[in-house]
Amino acid sequence: MKQASNARWRTVDIVVASVIAVAFGVIFWAWNLVWSATEGAFTFFPPAQAVIYGVWLLPGVLGGLVIRKPGAALYCEFVAAFVSVLLGSQWGMVAILQGLAQGAGAEAAFLAVRYRSFRLPVAIGSGALAGLAAALFDQWRYYSELDFDSFRLPVFLITVVSAAVIAGAGGWLLTRALAQTGVLDRFPAGRERTAV
């Protein structure tokens with residue numbers, strides 16, 4: 001386990017976290033359209049649509065894995081949500097609150113290990129906790145009137161699993177792929193890459 005070398009953010013940390021967040025804000029805007037377009041494909045079992053939910057949680061995990069500073073996961077997820085609202089999210093301003101909750105969930109896993117481990121289990125935990133926060137938010141905001149057994153429980157579980165796999169494991173794989181290109185050489189994530 002490696003300890004975060006310094007909790008203070010460098011200028012490069014702020015710039016790269018912002019680039020991650022803005023890029024994912026644009027991806028969120030597009031993913032919102034994908035979500036709406038795929039609703040019909042899940043009419044057989046509407047909670048199953050949550051299988052694609054994890055994409056919305058990627059910037060928090062990725063930001064935490066790359067920046068490795070307190071607040072990075074929260075910052076990336078929150079700013080990405082904010083950018084998606086500026087671009088015209090169909091969920092409006094509530095998406096900003098949702099991004100804050102999801103970012104806090106993603107951040108919690110890194111905080112739990114005191115920013116000393118950035119291995120796959122921590123990334124999966126970060127994704128799962130972001131998914132848990134997202135699922136709780138959605139239960140409160142969107143699904144409170146729906147049946148628990150046939151909708152709320154399945155969508156809750158599928159959201160958390162999707163987040164663990166797509167945002168958690170996917171974020172870890174994306175970090176490794178970016179490190180292999182050399183673009184993360186100014187970060188511990190880049191310096192850990194194996195020689196090719």
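Me: Over residues 74-98, how much of the chain is helix, and how far apart are the end C-alpha atoms?
Reply: Read composition and end-to-end distance together. This is a predicted model. Residues 74-98 are 76% helix and 0% strand. Their end C-alpha atoms lie 11 Å apart.

Me: Where does that span come from, and which others does UniProt list as "transmembrane region"?
Reply: It comes from an unreviewed UniProt entry. That entry places the feature at residues 12-31, 51-67, 74-98, 118-137 and 153-174.

Me: Which residues make the contact of α3 with α4?
Reply: From α3, they include Leu-74, Phe-78, Phe-82 and Val-85. From α4, they include Ile-96, Leu-100, Gln-102 and Phe-110. By class, this contact has 13 nonpolar, three polar and two charged residues.

Me: How do the axes of α2 and α3 cross?
Reply: They come within 7 Å and cross at roughly 145 degrees. This crossing is right-handed. On the α2 side, the contact includes Leu-58, Pro-59, Gly-63, Gly-64 and Ile-67. On the α3 side are Ala-72, Ala-73, Cys-76, Glu-77 and Ala-80. The contact of α2 with α3 divides into seven nonpolar, three polar and one charged residue.

Me: What angle do the axes of α2 and helix α6 make?
Reply: Helix α6 covers residues 148-181. Its axis and that of α2 come within 8 Å and cross at roughly 45 degrees. That makes α2 and α6 oblique to each other. α2 passes α6 in a right-handed crossing.

Me: Which residues make the contact of α2 with α6?
Reply: α2 supplies Leu-58, Val-61, Leu-62, Leu-65 and Val-66. α6 supplies residues including Ile-166, Gly-170, Trp-172 and Leu-178. By class, the contact of α2 with α6 has 10 nonpolar, four polar and no charged residues.

Me: Where is Ala-128 found?
Reply: Separate sequence distance from spatial distance. Ala-128 is in helix α5 (residues 120-141). Ala-128 and Val-61 are 67 residues apart in sequence. In space they are 9.9 Å apart, C-alpha to C-alpha.

Me: Which residues is Ala-128 in contact with, leaving aside neighbours within four places in sequence?
Reply: Its contacts are Val-160, Ala-163 and Ala-164.

Me: Which elements have the lowest and the highest mean pLDDT?
Reply: Where pLDDT is low, predicted coordinates should not be read in detail. The protein averages a pLDDT of 93, and 95% of the residues score at least 70. Among its elements, helix α7 (residues 188-191) has the lowest mean, 83. Helix α2 (residues 58-67) has the highest, 98.

Technical notes:
Residues are numbered from 1 along each chain as its sequence is written. This is a predicted model: local features need pLDDT of at least 70, side-chain atom pairs count only at pLDDT 80 or more; totals for chains, interfaces and linings use all residues. Side-chain values use heavy atoms; hydrogens and water are left out. UniProt positions are given in the numbering used here, feature names are shortened, and annotations may be inferred rather than shown by experiment. Helices (H or I, at least four residues) and strands (E, at least two) are DSSP runs, numbered from the N terminus. pLDDT is the predictor's confidence in each residue, from 0 to 100. Contact means heavy atoms within 4.5 Å. Ala, Val, Leu, Ile, Met, Phe, Trp, Tyr, Cys and Pro count as nonpolar, Asp, Glu, Lys and Arg as charged, and the others, Gly among them, as polar. Axes are lines fitted to C-alpha atoms, for helices over the stretch in contact, and angles run from 0 to 180 degrees between N-to-C directions. Angles under 35 degrees count as roughly parallel, over 145 as roughly antiparallel, 65 to 115 as roughly perpendicular and the rest as oblique. A crossing is left-handed if the near helix is turned anticlockwise from the far one by less than a right angle, and right-handed if clockwise.
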